Amino acid sequence: MRPRTNRPVRTPRKEQNVHTNETAADGRPGSPDRHGWIGYGKPAEFIEELAQARADMRTVAEKKTAFAAEPTPSLARSLGRTAEGVGRFGDAVDYYEQAQELDPAGAHAFNYCIFECTARAAREGQFRPLQIHSAAEKVLESPQRTPREVCDVAKVMTKVADAMGAPQIMVPYLEQALA
């Protein structure tokens with residue numbers, strides 16, 4: 001029998017407003033039957049996300065089938081959030097980009113989601129720094145960007161620049177964040 005330690009239990013990071021995690025109908029993790037939350041950020045955003053989930057109680061597989069038959073921005077967003085929540089960032093980016101194509105007027109709403117997923121995937125070697133730069137630029141070029149998004153982009157791009165050993169990369173992002 002192993003002795004108990006006083007080390008804290010690792011809990012999921014709560015960087016996003018709402019995380020999803022695919023679970024089976026019987027509650028076992030890992031099956032793509034349903035999704036649920038493992039954490040949340042701001043209460044108002046959580047309530048909105050919860051309302052959207054309650055409005056469409058289909059399984060993930062059913063949503064994918066419906067999306068293949070008739071793609072909609074809301075299904076693309078839902079599938080993107082689910083993919084993001086289980087760490088399939090490339091799939092999430094694909095769904096968010098499809099949502100942008102399906103709803104050009106609301107495309108700006110997905111810029112930050114795409115940037116976040118690209119940055120997270122880059123930590124695992126799934127995206128190159130140039131792809132992160134491109135996603136960051138789209139966030140910063142959007143007239144609907146928030147000050148928090150600008151600061152978050154600067155923070156992430158500072159880490160990217162450090163990892164690349166190219167500190168000059170971070171300068172324009174820091175300048176925008178400090179403006």
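A residue is termed buried when its relative accessible area is under 20%, exposed when it is over 50%, and partly exposed in between. In the predicted model described here, Cys151 has a relative accessible area of 40% and is therefore partly exposed. Cys117, by contrast, is buried, with a relative accessibility of 0%. Of the 179 residues of the protein chain, 38% fall into the buried class.

The secondary structure of the chain comprises eight helices and two strands. Read from the N terminus, the order of the elements is β-β-α-α-α-α-α-α-α-α.

The cysteines were examined for covalent pairing. A disulfide is a covalent bond between the sulfur atoms of two cysteines. A search of the whole structure returned zero disulfides. For Cys117, the closest cysteine sulfur is that of Cys113, at 6.8 Å. Because the criterion requires the two sulfur atoms to lie within 2.5 Å, this separation of 6.8 Å is too far for a bond.

The packing of helix α5 was then considered. Two packed helices are described by the angle between their axes and the distance between the axes. Helix α5, residues 111-123, packs against helix α6, residues 129-141, at an angle of about 160 degrees, and the two axes are 8 Å apart. The pair is therefore roughly antiparallel, and the crossing of α5 and α6 is left-handed. On the α5 side, the contact involves Asn111, Tyr112, Ile114, Phe115, Thr118 and Ala122, which meet Gln131, Ile132, Ala135, Ala136, Lys138 and Val139 of α6. By residue class, this contact of α5 with α6 consists of eight nonpolar residues, three polar residues and one charged residue.

Helix α5 also packs against helix α7, residues 147-164, at an angle of about 20 degrees and with an axis separation of 12 Å. An angle under 35 degrees counts as roughly parallel, so α5 and α7 are assigned to that class. The crossing of α5 and α7 is likewise left-handed. Tyr112, Phe115 and Ala119 of α5 form the contact together with Glu149, Asp152, Val153, Val156 and Met157 of α7. The residues of the contact of α5 with α7 comprise six nonpolar and two charged, with no polar residue. Tyr112 and Phe115 of α5 take part in the contact with α7 and also in the contact with α6.

Gln100 is located in α4, which spans residues 89-102, and is buried at 15% relative accessibility. Apart from neighbours within four places in sequence, Gln100 is in contact with Ala107, Phe110, Asn111 and Ile114. The C-alpha atoms of Gln100 and Asn111 are 8.6 Å apart, the two residues being eleven residues apart in sequence. Both Asn111 and Ile114 of α5 also belong to the contact with α6.

Tyr95 is likewise placed in α4 and is buried, with a relative accessibility of 16%. When neighbours within four places in sequence are set aside, the contacts of Tyr95 are with Lys64, Phe67, Ala76, Leu79 and Gly80. Between Tyr95 and Glu84, which lie eleven residues apart along the chain, the C-alpha separation is 9.9 Å.

Technical notes: Residues numbered from 1 in each chain as written. Predicted model: local features only at pLDDT ≥ 70, side-chain atom pairs only at ≥ 80, totals over all residues. Heavy atoms only, no water. Buried < 20%, exposed > 50% of the residue type's maximum accessible area, 1.4 Å probe, protein only. Axes fitted to C-alpha atoms, helices over the stretch in contact; angles between N-to-C directions. Helix = DSSP H or I, 4+ residues; strand = E, 2+ residues; numbered from the N terminus. Parallel < 35°, antiparallel > 145°, perpendicular 65-115°, else oblique. Left-handed = near helix turned anticlockwise from the far one by under 90°. Contact = heavy atoms within 4.5 Å. Nonpolar A, V, L, I, M, F, W, Y, C, P; charged D, E, K, R; others polar.
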